Amino acid sequence: MFELSPYHKSKNSLSYNPFREMEELERHFFGEPFAGFFRNADLAEFKTDLTDEGDSYLLEADLPGFDKNDIHLDVSGNTLTINAQRRSEHEQKDKKNKYVHLERSYGSYSRAFDVSAVDTDNIKAKYENGVLKLTMPKKEQTLPESRQLEIE
């Protein structure tokens with residue numbers, strides 16, 4: 001599955017803005033320093049690789065620091081959803097403000113994948129060293145039988 005973002009055409013999109021390119025360059029070079037405060041895009045998804053192994057697909061998802069019991073795989077129709085949740089321990093332990101700097105993120109992470117070409121009854125999952133590996137066998141493609149049509 002892929003994500004679509006809305007296209008917004010502004011009133012001044014055809015007018016020349018000499019600072020637009022500089023702003024884009026800054027954004028690409030420095031990133032968006034306050035993005036974490038306003039949107040949670042980096043936290044909402046994790047990185048995956050999908051390879052074609054011939055008779056199956058191999059999906060590898062990086063989920064470091066998660067407990068196996070906090071990762072849930074759901075198949076609904078032709079959609080496989082991987083949900084993972086990391087609970088915050090610092091909220092309970094930090095009664096006396098012992099933390100000097102805190103960067104690790106906590107919360108729910110989710111990705112959805114189209115599995116219409118996969119035999120979902122035989123998916124095998126393994127979680128080891130922070131990597132979730134799903135072996136997803138391909139559906140056998142049945143060729144349509146040849147038949148002769150009658151002319152009316």
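Modeller: Below we go from the overall layout to the sheets, the core and a few single residues.

Modeller: Keep in mind that this is a predicted model.

Colleague: Noted. How many helices and strands does the chain have?

Modeller: There are four helices and seven strands. Read from the N terminus, the order is α-α-α-β-β-β-β-α-β-β-β.

Colleague: What share of the residues is buried?

Modeller: Of the 152 residues in the chain, 16% are buried.

Colleague: On to the sheets. What is the strand order in the open sheet of four strands?

Modeller: The order is E1-E2-E7-E6, and the pairing is antiparallel. Strand E1 (48–52) and strand E6 (124–128) are at the edges; each has a single partner strand, so one side of each has no neighbour in the sheet. On average, neighbouring strands in this sheet are turned by 15° against each other, with direction ignored.

Colleague: How many bridges join E2 to E7?

Modeller: Seven, between residues 56–62 of E2 and residues 131–137 of E7. As one point of reference, Ala-61 is opposite Leu-132 in E7.

Colleague: What about the open sheet of three strands, what order does it have?

Modeller: E3-E4-E5, with antiparallel pairing. E3 and E5 are the edge strands, each pairing on one side only. The average twist from one strand to the next is 15°.

Colleague: How many residues sit between E3 and E4 in their hairpin?

Modeller: Two residues. Gly-77 is in the turn, with a positive phi of about 65°. The two strands, residues 71–76 and residues 79–86, pair over six bridges, and Asp-74 has Thr-81 in E4 as its bridge partner.

Colleague: Which residue other than glycine has a positive phi near 55°?

Modeller: Asn-129. Most residues other than glycine have a negative phi. Asn-129 is in the loop between E6 and E7.

Colleague: Is Asn-129 buried or exposed?

Modeller: Exposed: the relative accessible area of Asn-129 is 76%, and the cut-off for exposed is over 50%.

Colleague: Switching to the core. Which residues touch the most other members of the largest nonpolar core?

Modeller: Leu-59, Leu-63, Ile-71, Ile-82, Leu-132, Leu-134 and Met-136, out of 16 residues in that core. At least two residues of this core come from each of E2, E4, E5 and E7.

Colleague: Take Leu-63. What does Leu-63 touch, ignoring residues up to four places away in sequence?

Modeller: Phe-46, Ile-71, Ala-84, Tyr-127, Gly-130 and Leu-132.

Colleague: Phe-46 again: which side chain reaches the backbone oxygen of Phe-46?

Modeller: The side chain of Arg-111 does, at 2.6 Å. Arg-111 belongs to strand E5, residues 107–114. Not counting residues up to four places away in sequence, Arg-111 touches Glu-45, Phe-46, Lys-47, Thr-48, Leu-80, Thr-81 and Ile-82.

Colleague: Now Ser-56. Why does Ser-56 count as buried?

Modeller: Because the relative accessible area of Ser-56 is 11%, and buried means under 20%. Ser-56 lies in strand E2. Leaving aside neighbours within four places in sequence, Ser-56 is in contact with Thr-51, Thr-135, Met-136, Pro-137 and Lys-138.

Colleague: Lys-138 next. Where is Lys-138 found?

Modeller: In the segment after E7. Lys-138 counts as partly exposed, at 25% relative accessibility.

Colleague: Which backbone oxygen does the side chain of Lys-138 reach?

Modeller: That of Gly-54, at 2.9 Å. Besides Gly-54, the residues Lys-138 touches include Asp-52, Asp-55, Ser-56, Tyr-57, Ala-117, Val-118 and Asp-119, with residues up to four places away in sequence not counted.

Colleague: One last number. What separates the C-alpha atoms of Lys-138 and Ile-123?

Modeller: They are separated by 9.6 Å, and the two residues are 15 residues apart along the chain.

Definitions and conventions:
Residues are numbered from 1 along each chain as its sequence is written. This is a predicted model: local features need pLDDT of at least 70, side-chain atom pairs count only at pLDDT 80 or more; totals for chains, interfaces and linings use all residues. Side-chain values use heavy atoms; hydrogens and water are left out. Buried means under 20% relative accessible area, exposed over 50%, partly exposed in between (1.4 Å probe, protein chains only). Two strands pair if DSSP finds at least two bridges between them. Axes are lines fitted to C-alpha atoms, for helices over the stretch in contact, and angles run from 0 to 180 degrees between N-to-C directions. A polar contact is a pair of N or O atoms within 3.5 Å; within protein, one must be able to donate a hydrogen and the other to accept it, and residues adjacent in sequence count only if both atoms are side-chain atoms. Contact means heavy atoms within 4.5 Å. A nonpolar core is a set of buried Ala, Val, Leu, Ile, Met, Phe, Trp, Tyr and Cys residues joined through side-chain atoms within 4.5 Å.
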